[in-house]
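Student: Hi! Could we look at this model together and talk through how its parts pack?

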Amino acid sequence: MNKSNHLPTRSIPPFWSVPGRFPAYPFRGESLTMLIGLSLAQVLTLAPFIGWIIGLLLLGAAYKYAFTILRETAHGRLDPPGGALDAPDSLLLQFVAVQLLGIAAVMLTAVLVSPAASLWVLLGFALIQPGITLSLAMDESLAAALNPVTWVALLSRLGWPYLALVVLLFAFQFSAAWAADALTGTLPGLLAEVASQAWFLWGLFATFHLMGYVLYQYHEALGFEPRMHEFDAQRPKGRDQQLIVDAEQLIDAGQPQAAVVLLREASRERALGFDVHDLYRRLLRQHGSADERLSHGRQLVNQMMVEGQIRPALGLLRECLDLDPAFAPMQPEHGTRLAEQASIMGQSALARDLLAALRAAYPKDPLRPHWALLEAQVLVERLGRDSDARAVLNEALPLCEDADLRARLEALLLAIPADGGR
């Protein structure tokens, strides 16, 4: 397993001072393994009938790993991530939605105005796309990413480095496209398919690593806290560092399961630093069961909430809910705070999933009617699912003993149109 390459906040080299790390990144460690595997798998797309389905699945896996690279880099972990595709599916779907909206805008402009005007729209989309991608990586909110206020804020906080980022991203993507086209014209059939896919993946992984590095470099200006920094000032490192060394020695000796046991036992004895939890979680993704990952996730969410680390707790919560839709935090009060924060940050699907899980996990908790109200508000106001909201409210009303809360439940129920959405 790769060791973390963590740089303290004040010693992060500017991205323009380390240009060589980005083109070299796809050829290192797990990133190279993923590049080779996905490139070789490209030959399966030539299969009759199902080739296009395989192609879509491979493209989805490539972008999922690319977003994993972006998020890991943004959080200060500068080595390629392991084989686990940790970026949530919702993030990938939001990114696809952005691309489709951009394509639709260019095509509509070409039809309704002129082809020349559509080129300006394409240029504008190319300028704002890195900002949209960075916003999605930070907040996982499509609404926030598409808000022009977000683009202006990014430009104002980053300044000229944002334009430099756009130029570098274009250079990577152009180089990859040019190389893929040249190989297609010179190499025979299957070999050309594999080689052109490899160049595409090289450009994809390099550009997403670059965007993640920019987010890491400017995290203070953007109000983003890398997970590698969050606990640095809160806990002595001696025992944690020794624990990491011991675990990595076991991993290097080909005993990852023993490292899992070591970290599991340590987590039961005392509160661990985030560096240890990060290593433990990486091991569980590759060598642990879903139940182990969920158990550790529940413990870590609780620790994050106790220490006031709400944003990283939301990211971990999304991962756990993707593993098990019934996942709920240890403390119902923590779940309430996380759901409210997710709603405020525009992560409506996360808020809804969490509230549904809380209602199922704690059926007799006094907060249950309050969760139902929050869930119904998200369903109606953000997701357009009126009938689902109506069902949640009708289920909660008989359980609500608080007169004021009951009045709010009834008022929301009356406000939902009878012929509302699904």
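Tutor: Happy to. This is a predicted model, so local features need pLDDT of at least 70 and side-chain atom pairs pLDDT 80 or more, while totals for chains, interfaces and linings use all residues. Residues are numbered from 1 along each chain as its sequence is written, and side-chain values use heavy atoms, without hydrogens and water.

Student: At roughly what angle do the axes of helix α13 and helix α14 cross?

Tutor: Helices here are DSSP runs (H or I, at least four residues), numbered from the N terminus. Axes are lines fitted to C-alpha atoms over the stretch in contact, and angles run from 0 to 180 degrees between N-to-C directions. For α13 (residues 274–287) and α14 (residues 290–306), the axes come within 10 Å and cross at roughly 160°.

Student: How are α13 and α14 oriented to each other, roughly parallel or roughly antiparallel?

Tutor: Angles under 35 degrees count as roughly parallel, over 145 as roughly antiparallel, 65 to 115 as roughly perpendicular and the rest as oblique. The pair α13 and α14 is therefore roughly antiparallel.

Student: How many charged residues does the contact of α13 with α14 have?

Tutor: Contact means heavy atoms within 4.5 Å. Residues making this one include Arg281 and Arg285 of α13 and Glu292 and Arg293 of α14. Asp, Glu, Lys and Arg count as charged, Ala, Val, Leu, Ile, Met, Phe, Trp, Tyr, Cys and Pro as nonpolar, and the others, Gly among them, as polar. By class, the contact of α13 with α14 has five nonpolar residues, five polar and four charged.

Student: How far apart are the axes of α16 and α17?

Tutor: Helix α16 covers residues 332–344 and helix α17 residues 348–361. They pack at an angle of about 160°, and are therefore roughly antiparallel. Their axes are 7 Å apart.

Student: Which residues of α16 meet α17?

Tutor: On the α17 side, the partners include Leu350, Leu354 and Leu358. The residues of this contact divide into eight nonpolar, four polar and no charged. On the α16 side they are Gly335, Thr336, Leu338, Ala339, Ala342 and Ser343.

Student: Which helix gives the most to the lining of the largest pocket?

Tutor: A pocket is an open set of points on a 1 Å grid where a 1.4 Å probe fits, with protein on both sides within 12 Å along at least five of seven lines; lining residues have an atom within 4 Å of a point. The largest pocket is lined by 27 residues, and α4, α5, α8 and α9 each supply at least two. With eight residues, the top contributor is α5.
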